[in-house]
Amino acid sequence: NGPVLLFLTGLGNNAHIYDKFAPRFTDKFHIIALTRRGHGDSDYPETGYDADTLTEDVRQFMDTLKMDKASLVGHSMSRIELCHFAALHPERLIKLVFLDAAYDGTSPAFRAWMEKYPLRNFQIPGLNDDYYTIEDYVASIKRGYPSLAAIWGEVMDEDVLHAVKKSPEGKIVDRMSETIGKALKDALASYTPEDSKIQAPVLSI
């Protein structure tokens, strides 16, 4: 019961990433999380990864579930949906919460930083190898990203289960194609946050 708190995920994650976090708010809110197109158990169309379509997906999701208004809580790349939804549908928005998401990927400062980022073109050993079990696949992620390994837990195990599939050859592969991944990254790189159009209260963490 209560006002709707709608969780949106970061790039590559699905709604299960909030399995332990979102339930903490059920004492005051109606909690729901959305897995965007091209992620998790949602469909994987080859198109529709621009700001307008991703935001329209959120609106139609709310309409289908008869949610007149919601507070949007989003991680990382969901800044696109958070900002664009606020600009297009201010009457549908209660509040916004940015979880490591309030940044502008088009700003000169951000782009200059990315150009100098030492790991930008670094090929992580083992990530492109073939793996035939979930355990080996996850182990490769942990080896490649020690910062993730340090915080890895059952929620991330569950998230991975919905992000991969078994190929006809028996390999564990990402459900997201390279084409979709590139389209999402292009959307991130080209979207300028519409901060001046946000009328709702904002919390940025």
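**Close-up 1. Asp63 and its helix partner Arg59.** Asp63 sits partly exposed in this predicted model, with a relative accessible area of 34%. Its partner here is Arg59: the two form a salt bridge, and their closest N and O atoms are 2.3 Å apart. Both residues belong to helix H1 (residues 51-64), spaced 4 residues apart, or about one turn of the helix. Arg59 is partly exposed too, at a relative accessible area of 21%.

**Close-up 2. Arg92 reaches Asp63 from another part of the chain.** Here Arg92 makes a salt bridge with Asp63, and the closest N and O atoms lie 2.9 Å apart. This pair ties together distant parts of the chain, 29 residues apart: Asp63 is in helix H1, while Arg92 is in the loop between helix H2 (79-88) and strand S4 (93-99). Arg92 has a relative accessible area of 13%, so it counts as buried.

**Close-up 3. Lys197 with Glu194.** Now for another pair: Lys197 forms a salt bridge with Glu194, with 3.7 Å between the closest N and O atoms. Which of the two is buried, and which is partly exposed? Glu194 is the buried one, at 15% relative accessibility, whereas Lys197 is partly exposed, with a relative accessible area of 45%.

Conventions
Residues are numbered from 1 along each chain as its sequence is written. This is a predicted model: local features need pLDDT of at least 70, side-chain atom pairs count only at pLDDT 80 or more; totals for chains, interfaces and linings use all residues. Side-chain values use heavy atoms; hydrogens and water are left out. A salt bridge is a side-chain nitrogen of Lys or Arg within 4 Å of a carboxyl oxygen of Asp or Glu. Helices (H or I, at least four residues) and strands (E, at least two) are DSSP runs, numbered from the N terminus. Buried means under 20% relative accessible area, exposed over 50%, partly exposed in between (1.4 Å probe, protein chains only).
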